[in-house]
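Notes follow in the order I looked things up.

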Amino acid sequence: MTAPRNSAVGEQESAESAEAAKPNKSVKGSKGARPESRLALVRRARRINRELAEVYPYAHPELDFESPFQLLVATVLSAQTTDLRVNQTTPALFAAYPAPEDMAAADPEALEQLIRPTGFFRAKAKSLLGLSAALRDRFGGEVPGRLEDLVTLPGVGRKTANVVLGNAFGVPGLTVDTHFGRLVRRWKWTAQEDPEKVEAEIAALFPKSEWTMLSHRIIFHGRRVCHARKPACGACPIAPLCPAYGEGETDPDKAKKLLKYEMGGQPGQRLRPPSDYPGRPAAPLGAAE
């Protein structure tokens, strides 16, 4: 999807292309450098988004789901664990409890055992029992399609609500997880740490229609290239646009060894990935990989 651009941002497109290929030293806070203007920030942010769209045209939510309820449950389970571990756990969970009414009536200990591989299983089971009962009692057994309703469910905050809205209902939203927050701060799009403030500042840089896919692209890049402790700077496709270039490994050969998932020739996180995903599906729980 091509983001619409206003006249101020769209002017001098050829000049933007030339300038964007150079490291933006003013963003790094170099002594004596001129601060980056708002217009320059918007141009650079949107250029990065376009570049990421070229690199990850297949970007998608990395949780397996077939319904809004399944996505809601999987997203709650994804806290403090990998999407892969959630995807390996949910087939048995949804076979046992296919609908909110079923999960609301579950024996807590039985539910805990099914979700144990995702960690923090007692707290997560409490949230799943609570949100399932709320869906049954307040929403007719259906997941609501409004943020203000979703955040009233136990264990559901703005991040989870935006995942569900963007991917199950087509309502644009930004998913401010740890990867998203890390990258937008490295790129100097924001200095905020609070997720809601990050969401507000990044939302102001992009058309609403781009929010969901922007989230997928940033999270994909954070998982595959721009890691927390050792980013693969030397293999990064947006290195010329990144004010944090050099924080990680810059040698191209060494950086390539840091790439993960399909970019590193490894399985992805989904057992059932989209048809256009170029990597291999993940293995079920307990299977040899």
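**Largest pocket.** I went to the largest pocket and found 33 lining residues, with Thr81, Asp177, Thr178, His179 and Arg223 nearest its centre. On a 1 Å grid over the protein atoms alone, a pocket is an open set of points with protein on both sides within 12 Å along at least five of seven lines, and lining residues have an atom within 4 Å of a point. Two or more lining residues come from each of α4, α10, α11 and α13. Helix α13 gives the most, with five residues. The space in this pocket comes to about 900 Å³; grid points are joined across faces, edges and corners, and a volume is the space filled by probe spheres set on the points. I sorted the lining by class and got 10 nonpolar, 14 polar and nine charged residues. For that sort, Ala, Val, Leu, Ile, Met, Phe, Trp, Tyr, Cys and Pro count as nonpolar, Asp, Glu, Lys and Arg as charged, and the others, Gly among them, as polar.

**Ground rules.** This is a predicted model, where local features need pLDDT of at least 70 and side-chain atom pairs count only at pLDDT 80 or more, while totals for chains, interfaces and linings use all residues. Residues are numbered from 1 along each chain as its sequence is written, and side-chain values use heavy atoms, with hydrogens and water left out.

**Overall.** I counted 14 helices and zero strands in the protein chain; helices (H or I, at least four residues) and strands (E, at least two) are DSSP runs, numbered from the N terminus. The chain has 289 residues, and 48% of them count as buried, meaning under 20% relative accessible area, with exposed over 50% and partly exposed in between (1.4 Å probe, protein chains only). I also checked contacts (heavy atoms within 4.5 Å). Among those between residues at least 6 apart in sequence, 61% join residues at least 24 apart.

**Helix α11.** How many residues of α11 are buried? Seven of the nine in this helix (residues 178-186), so I noted it as mostly covered, going by the under-20% cut-off. The buried ones are His179, Phe180, Gly181, Arg182, Leu183, Val184 and Arg186. They pack against α12 (195-203) and α13 (211-224). At the start of α11, a side-chain oxygen of Asp177 comes to within 3.1 Å of the backbone nitrogen of His179. After the helix comes Lys188, with a positive phi near 60 degrees.

**Cores.** Next I looked for nonpolar cores, sets of buried Ala, Val, Leu, Ile, Met, Phe, Trp, Tyr and Cys residues joined through side-chain atoms within 4.5 Å. In the largest, of 37 residues, Phe180, Trp187, Trp189, Ile202, Leu205, Phe206 and Ile218 touch the most other members. Helices α3 (38-55), α11, α12 and α13 each give two or more residues to this core. Its largest share, five residues, comes from α3. Another core lies apart from it, with 32 residues, among them Ala74, Tyr97, Leu129 and Leu153.

**Asn167.** This residue sits in helix α10 (residues 158-168). Is Asn167 buried or exposed? It is buried, at 19% relative accessible area. I then looked for polar contacts (pairs of N or O atoms within 3.5 Å; within protein, one must be able to donate a hydrogen and the other to accept it, and residues adjacent in sequence count only if both atoms are side-chain atoms). The Asn167 side chain makes one with the side chain of His216 at 2.7 Å, and it reaches the backbone oxygen of Val163 at 2.9 Å. Leaving out residues up to four places away in sequence, Asn167 touches Pro61, Phe65, Leu71, Thr212 and His216.

**Positive phi.** Most residues other than glycine have a negative phi. I flagged Gln80, which is not a glycine and has a positive phi of about 60 degrees. Gln80 is in the loop between α4 (68-77) and α5 (83-96), and counts as exposed at 68% relative accessibility. Phe120, also not a glycine, has a positive phi of about 50 degrees. Phe120 is in the loop between α7 (108-115) and α8 (121-138), and is exposed at 57%.

**Cavity.** Last, I searched the whole structure for cavities of 30 Å³ or more and found one; a cavity is a set of grid points where a 1.4 Å probe fits but cannot get out.
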